Structure formats: C-alpha cells, structure tokens
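Q: I have a structure open and would like to talk through a few parts of it. Could we go slowly?

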Amino acid sequence: MFALNLEKITDHLGARVFIDASQLLAPDAPAAVLDALNQYGVLVFPQIHVPDETLVAFTNQLGDMEAATRTADGSNVSAKGIYRIALDKDDKTQRDYVVGNNYWHMDGTSYEVPGKATLLKCESPASAGGETDFAHVYAAYEALPEDKKHALQNLRVIHGLKAVGVKIYDNPTPEDFERWRLAFPETEQPLVWHQANGRTSLVIGSTAQSIVDMPEAEGYQLLQELTDWCTQPQFTYRHHWQQGDLVIFNNPGLLHRSRPYAENSGRVMHRTTVKGVEAFT
C-alpha cells in the first residue's frame with residue numbers, strides 16, 4: 001500500500017509531502033494524494049521538480065484534466081493543456097487573468113461544475129513577492145455563528161470577470177467591460193455550497209459582484225465581510241515558492257490568491273486543473 005511521508009503545516013490547513021517525482025505515477029499514489037488532499041486542503045511537495053509530461057500524466061490520474069482553453073496563450077506548454085502563469089502576456093485579457101489572481105478567489109465560479117483540484121508548479125519564483133495565500137473556507141464556515149449560517153442559507157450570488165476587472169483598472173472602458181463579459185459571462189451561484197461529502201463551503205471571492213435581490217452596496221458589503229472572515233490568519237497559509245515546488249489544493253473548499261510581483265521579477269508558474277464532479281447547485 002502506497003504511503004505518503006507527510007508533515008502538517010498549520011492546525012487547519014496544509015501538509016508537506018516528501019516523495020520523489022517518479023513516485024507520483026506509482027499505481028496507488030493518486031488515491032493516497034486525493035485522500036490527503038481532502039484531509040489537509042493544500043499539499044506542498046517541496047522542490048520535487050516535476051517535468052511537464054509527468055504533471056499532465058499525474059493530473060489525469062487524479063481525475064480528468066481540464067484543458068486550459070480559455071487561458072491558452074499559444075505557448076508550447078499551452079498545447080499540452082497547461083496554463084502558463086506569467087505577466088509577459090501580449091493579450092490584454094490574458095494579462096487580466098494573471099493580475100486578477102492577486103485577489104482572493106475560487107477557481108471556476110463561471111462554470112456549473114468547478115474544478116476539483118488545482119496543481120501549481122513553480123518554474124521560476126519571483127525575485128520579490130509572488131507568494132500564494134490559501135484560506136480554508138470549510139473551517140471558516142464551521143466557525144461562523146449559527147444565526148449567521150442560517151441567514152446565509154438561501155442567498156445567491158452573481159459572479160463575473162467584471163468584478164475582478166474593476167479592481168485592476170481605475171477607469172475601465174466600455175470595450176473592457178465587453179471583453180470581460182465575453183471571456184467570463186455573469187453566472188448565478190449559491191452563496192452557501194453544501195457538498196456531497198458533508199462539508200460546506202462559501203462561493204465568494206473577487207468574482208462575486210452582487211447578491212440577488214439585495215441592494216448592491218449591502219450585498220457587496222456582506223460579500224467582503226465573508227471574505228474577510230474566511231481569510232483571517234487562523235484559516236490561512238502563505239506559501240513561499242522555491243523553484244521546483246509543486247502545490248496541489250482542494251479548490252471547492254478554499255480561496256487563494258497570489259501576492260503582487262513585478263513583471264520583471266521572473267515569476268513563471270505552470271498550472272493544471274482536475275475537472276470537478278460536483279455542481280455548485
């Protein structure tokens with residue numbers, strides 16, 4: 001039976017995994033990793049130096065890999081279905097995707113079924129900044145007062161790339177709003193997501209722009225309040241990247257963000273996504 005050498009990171013979130021890259025493709029490794037991912041939320045494989053081919057193969061063993069189509073940028077790795085995360089993008093929308101990562105978010109809020117897991121591989125860390133923060137929304141929801149949980153139960157949230165774009169641009173143009181709409185049309189999701197595993201998450205973050213049937217300012221204030229609650233220090237972990245690190249996170253139960261970094265900092269990440277199997281609704 002395959003066993004992982006694990007070291008817990010915080011009380012609520014994260015574990016370091018110490019194995020060789022070649023072991024990722026062992027027959028029992030994917031099941032062991034998924035079990036650990038469900039338990040710890042974030043798995044850090046320090047300086048494991050996984051080749052892209054192994055990254056893609058391992059992602060497909062964890063589930064079905066979601067090809068990076070919307071974020072495809074014409075790079076060599078893009079042809080493999082890998083999303084290359086870097087600020088050296090010529091396309092304006094592609095650059096917005098990358099800069100938008102600096103705000104707390106959950107991947108896949110524009111889809112009916114969000115991704116199950118995200119794999120991030122550090123090709124080159126930033127010379128300054130560029131860390132990635134994770135927030136354990138499962139734990140944060142459990143810690144909410146019961147009356148607050150009850151008040152949130154039936155609320156629904158409108159998500160869209162526009163909500164991120166207005167954080168990036170001081171004076172967005174009508175053309176900006178249109179390309180954001182085309183890239184990620186507005187979608188309506190439940191605020192409280194009760195999942196089949198018995199755990200509950202909140203569908204919030206930077207893509208959340210309003211709450212249905214609630215005045216805009218009031219809804220935005222509530223969404224910000226919930227994000228602030230979930231990102232308190234006791235629920236978070238900040239990863240300081242080293243070249244060759246691999247981090248896997250359990251997307252349905254987390255928020256994450258990158259810390260700001262300069263375009264000339266050299267930061268390059270490769271990302272793959274395991275398709276989800278559970279719809280928000």
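This is a predicted model: local features need pLDDT of at least 70, side-chain atom pairs count only at pLDDT 80 or more; totals for chains, interfaces and linings use all residues.

Q: OK, helix H1 first: how many residues does it have, and how far does it reach?
A: Helix H1 covers residues 29-40, which makes 12 residues, and from its first C-alpha to its last it reaches 16 Å, close to the 16 Å expected at 1.5 Å a residue.

Q: And which residues of H1 are buried?
A: The buried ones are Ala29, Pro30, Ala32, Val33, Ala36, Leu37 and Tyr40. They sit on the same side of H1, because the arc they cover around the axis is only 160 degrees.

Q: Why would residues that are spaced out along a helix point the same way?
A: An α-helix has 3.6 residues a turn, so residues three or four places apart point the same way.

Q: What about the other side of H1, which residues are exposed there?
A: On that other side, Asp35 and Gln39 are exposed.

Q: Back to the buried ones, what do they pack against?
A: The buried residues of H1 pack against several elements, including strand S1 (6-8), strand S2 (15-17), helix H2 (52-62) and strand S14 (246-250). Strand S3 (42-45) and strand S6 (117-124) are also among the elements they pack against.

Q: Which residue takes a positive phi just after H1?
A: That is Gly41, with a phi of about 85 degrees.

Q: Where is the other positive phi, the one of about 45 degrees, in a loop?
A: It belongs to Gln47, which is not a glycine, and Gln47 lies in the loop between S3 and H2. Gln47 is partly exposed, at a relative accessible area of 41%.

Q: And Asp213, what is its phi, and is it buried or exposed?
A: Asp213 has a positive phi of about 65 degrees, although it is not a glycine either, and its place is in the loop between strand S12 (208-211) and helix H8 (216-230). With 81% relative accessibility, Asp213 counts as exposed.

Q: Switching to the open sheet of 3 strands, what is the strand order?
A: The order is S13-S7-S15, and the pairing is antiparallel. Strand S13 (236-239) and strand S15 (254-258) stand at the edges with a single partner strand each, so one side of each has no neighbour in the sheet. On average, neighbouring strands of this sheet are turned by 15 degrees against each other, direction ignored.

Q: How many bridges join S7 to S15?
A: Strand S7 (residues 132-136) and S15 run antiparallel and are joined by 5 bridges, and His136 stands opposite Leu254 in S15.

Definitions and conventions. Residues are numbered from 1 along each chain as its sequence is written. Side-chain values use heavy atoms; hydrogens and water are left out. Helices (H or I, at least four residues) and strands (E, at least two) are DSSP runs, numbered from the N terminus. The expected span of a helix is 1.5 Å times one less than its number of residues. Buried means under 20% relative accessible area, exposed over 50%, partly exposed in between (1.4 Å probe, protein chains only). The arc is that of the directions from the helix axis to the C-beta atoms. Contact means heavy atoms within 4.5 Å. Two strands pair if DSSP finds at least two bridges between them. Axes are lines fitted to C-alpha atoms, for helices over the stretch in contact, and angles run from 0 to 180 degrees between N-to-C directions.
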